[in-house]
Amino acid sequence: MLAYIIRRLFYAIPILIGVNLLTFTLFFVVNSPDDMAVSQLGEKYVTPEAIEKWKVKNGYDKPLFVNDEASGIDAITDTIFFNKSLRLFAFDFGRSESGRDITTDVSNRMWPSLAVALPTFAVGIGVNICVALMVVMFHGTKLDRWAVFVFVSLMSISYLFYIIGGQYLIAKTWKLVPVSGFHPDGQVWRFLILPVMVGVVAGIGSGARWYRTLFLEEANQDYVRTARAKGASEISILFNHILPNALIPILTGVVVLVPALFMGSLLIESFFGIPGLGSYMLDAIKSQDFAIVRSMVFIGSILYIVGLILTDISYTWADPRVRLS
Amino acid sequence: MKILSATRAALGLALLLLLSGCGEDPWNNPNPPSPEGQLVYQSVMSPAPPKHLDPAVSYASDENVFLSQIYESPMGYHFLKRPYELIPLGVEDRPVVTFLDEQGNEVAEEGDVAFSRYTLKVRPDARYQPHPSLAVDDSGDPLYLFDSASEGARFRSIPDFPQTGDRAVHANDYVYGIKRLADPELGSPMLGFMAQYIVGMKEFTAQLAEVPRDQWLNLDEYPMEGLEVVDEHTLTLTIYGRYPQFIYWLAMRFFSPIPPEVDRFYHNPGFIDRNLTLDWWPVGSGPFMMEKNDPNSEIVLVRNPNFREDYFPSEGGPGDLEAGNLVDAGKRLPLVDRAVFRLEKEVLPLWTKFLQGYYDRSGENHGNTNNVFDQAFTVGPDGVEMSGDVADHGINMDPDVKPGIYYYGFNMRDPVVGGYTEEKRKLRRALQIAFNVEEYLAIFYKGNGINAPSPIPPGIPGHLEGEAGINPLTHEWIDGGAARRSIDEARQLLVEAGYPNGRDERTGEPLKIFIDVQSQAVSNTTMNWMDRAFGQIGVQVEYRPADWNRTREKLLTGNTQIYSHGWLADYPDPENFLFLLFSPESPLICKCDGANNSNFEHAEYDELFRQVRVSPRGPERDAMVARMVEIYREEAVWLFAYYPKDIYLSNPWVSNTKRHGISKATLKYINIDDEMRQLKRAEWNQPITWPLFAGAVLMIGLVLPGITAYRRRQNATAKNTGSQ
């Protein structure tokens, strides 16, 4: 297995280079180094000299990809792309365009992101699986049909509606919890109730419907009929027979998300005032802070790759027949 | 039954947790408990958190909300008096200005002035906040200077340092602060502009650019010709020529004092990697100091215990006494102990918390202001009225016309709408009349703006009210008010311009104008309205939406016909607005980001501007300003313009909220009636608990039939097929 993991890690290098190249190209199609300088220096009294100085200071005074004035390998290495990308592979994210240390920011901001994402993820999976199993138990009945209708309806509603509706009803009208905010020193859970609840409810429709499909596929297998014939209770069949056998597709969709939980949620964090990495990325895009954008995309790519490797490893745990080679 | 019991227990536990966690506070209180005995002001910060808090680098108004409370620049503004009045802040009195000739001899103001020298006397009672950078050991050496990053690695933020120190503000600190503006390492946005004025600044920058910078550079070792420390409390600053407006620049944060010790402290090895920088942790002598800087969540300012004796003004402008703005006259400032600014990115949470009483005011410079006001006001038959929630809560409005201007300008080099012939003037004037600014502001801004008949906004000398202030070429004075000239007049002007019924009389082609709009700033509804406005005179419009970067590119190359722009005052002088039409400011002439995006060129205007720039205030200068406004109107340089108006909302327990258009150093005047705040918060935030019980019942209602059905199925016998 170790050889497999090492091989997968080596495969990650060209993927990361490709992602980085794509991010770089997309960013500089929209923004030029001059735009970035003006954005950082302000819009009043910005002289061409000030722009040039900013570019020199921040390493944006070189060509983007190919330096025609340099010769040999320098034509590639003496460019913005090479200089800015190489450091990422050494996990040196450097400073944001406004001068802040990105590693420090990321390490501070990932905890609020996790504080919201982890409970939403864990409770969400638990609720979705329980609801799906219950619906499977009543497969073919009116309850099942109504449940599918409700799932599809819940899926059709915009995520924003859940957020705004939750804030309006629970926080504004009923005054049961704070409408937004986050205080790590205080009672954090008070600020987490609403975003977690919104996240879980918004995910029930798609999650439970998907799990229902997986469970139904298993429910029609011979081993389930055998278990039932042996007199096993429905609860036992669901949790001891169907659920373990449906784990492989569940893990495929779920484990890959676990590392990405660090990255936070753009919408939830923005609306609920959670100072996490989701809003960090959003702010960076708005303020044309390429240093943060490329670092966050890089971290996101790595986490996704780690998630995929973890998924493969989890298969061996869920199904002993699976061997990684 | 076991499942039912478990459900009940879980619900009970959840309720217990909810109740136990909230104590006596309302359940929805998002604010942590205030420190005992401290009066805390709760406010909102801009949706874009501050990027820079170094006074040499910061130039954004939402950053100034913090910097103006922490630093004291040499000059400031009177809180209440209008027109805006300069007062000494960090210095004892207004600077003494002496004029010098080329040889450095003193001459009269009207003489052959080559230099102006400003002598500033620093207040002897001005003292810095307690800060670790000023902490010294028994021998007087700085306590926190490290040779390596590992030595200071345990300090991750300023509150981690156990020892602090303080000292008086010295004249050299102002000199050091100005030298930092010229340090090429910092990239101050003021460098290019100030180097034109301060003697020796360019040379100083060039000299520093040659110095290797692997560690802290003591700027005291590098003299700047225009700066001199006379004694511990006196300094002189010399600028080229005569520039009376320079005194206003002394009221800006760029001229704040910076102790060299602080600069050295922040250059400790490894500090920058933990964001321990002056850009993050400002150190000043103002009424407040920064206790917490987490721009992702909140910024907390606390009273500076070393702040000098400063008192609430005992006199104000007309109407201030009647408005209750002098109730706290003579009280020691600041009036609150602590100010918390929380980040709010979305309107609903901001508005909800404000109405629940958890924010004292609706926000300083909040980007969503207009959306907030959409919820706060309704347009009734008598104009803009407060909506029910706002009126019931006793919320106060603080209307404020900003000293700024937003405008759509013509590119005077454009072959269709540009040019200086009579026909072109008439064409532009016809378009000006057709665009009904008053209606536009009423529909799209709920009246939060005033039609601008000149580039000079209210509160700035040169702005005239009443009949004298109207643009007679677009408006008439009828029955005591300004009335827009008729569409018929616009049509007639169009005929005279060579476009009868909106068609070019030579080619017969319809006249089409092109407006560059910033994508997010103009809605489809607005564009439809503009189509109709110009359609009245037969003119067609095409819009060219683009983001700011692309718009800026077009302005720099003159590749636009009609563009939108805005300007907020740096200081309350007409020169700060009239320069928007000064030809050397044209991007096509200066080959820079000039402010004259209309590329307006007018010899008389330029000459008058040069004189206004160096003239002292007085009737002669006023006459020159009036003539420049007249030229602006005659030439019809801008399609339309308006002075933006903001309405800030304050809960009833907040006082001294009079808006100041120029200065942000107003936090020290804010006062809070904490008793009323507690009562109102408790009254407005009684939780409604029935949904909790209803939710529990609903859950049971959903689960119970399932359990019953499950049991029935488990206990059922083999299915009866009915075949017997």
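Two residues are in contact here if their C-beta atoms, placed from the backbone, lie within 7 Å. Keep that in mind as you open this predicted model, in which local features need pLDDT of at least 70, side-chain atom pairs count only at pLDDT 80 or more, and totals for chains, interfaces and linings use all residues. Residues are numbered from 1 along each chain as its sequence is written, while chains are lettered from A and ligands numbered from 1 in the order in which they are written.

**Stop 1: chain A as a whole.** Of the 325 residues in chain A, 37% are buried, that is, with 20 or more other C-beta atoms, placed from the backbone, within 10 Å of their own. Among contacts in chain A with a separation of 6 or more, 68% join residues 24 or more positions apart.

**Stop 2: colour by confidence.** Switch to pLDDT, the predictor's confidence in each residue, from 0 to 100. Chain A averages 86, and 98% of its residues score at least 70.

**Stop 3: the annotated segments.** An unreviewed UniProt entry places "transmembrane region" at residues 9-30, 114-136, 148-171, 191-211, 246-272 and 292-315 of chain A; such annotations may be inferred rather than shown by experiment. Select residues 9-30 of chain A: they are 100% helix, with end C-alpha atoms 32 Å apart. Next try residues 191-211 of chain A, also 100% helix, where the end C-alpha atoms are 29 Å apart.

**Stop 4: where the chains meet.** Show both chains; the contact takes 50 residues from chain A and 50 residues from chain B. On chain A, highlight α2 (33-41), α3 (48-58), α6 (102-137), α8 (159-173) and α13 (266-272), each supplying at least two residues of the side that touches chain B. Which helix gives the largest share of that side? It is α3(A), with six residues. Colouring this side of chain A by class shows 20 nonpolar (Ala, Val, Leu, Ile, Met, Phe, Trp, Tyr, Cys and Pro), 13 charged (Asp, Glu, Lys and Arg) and 17 polar residues (the others, Gly among them). For the complex, the predictor gives an ipTM of 0.84 and a pTM of 0.86.

Notes. Helices (H or I, at least four residues) and strands (E, at least two) are DSSP runs, numbered from the N terminus. A residue is buried if 20 or more other C-beta atoms lie within 10 Å of its own, exposed if 12 or fewer, and partly exposed in between; C-beta atoms are placed from the backbone.
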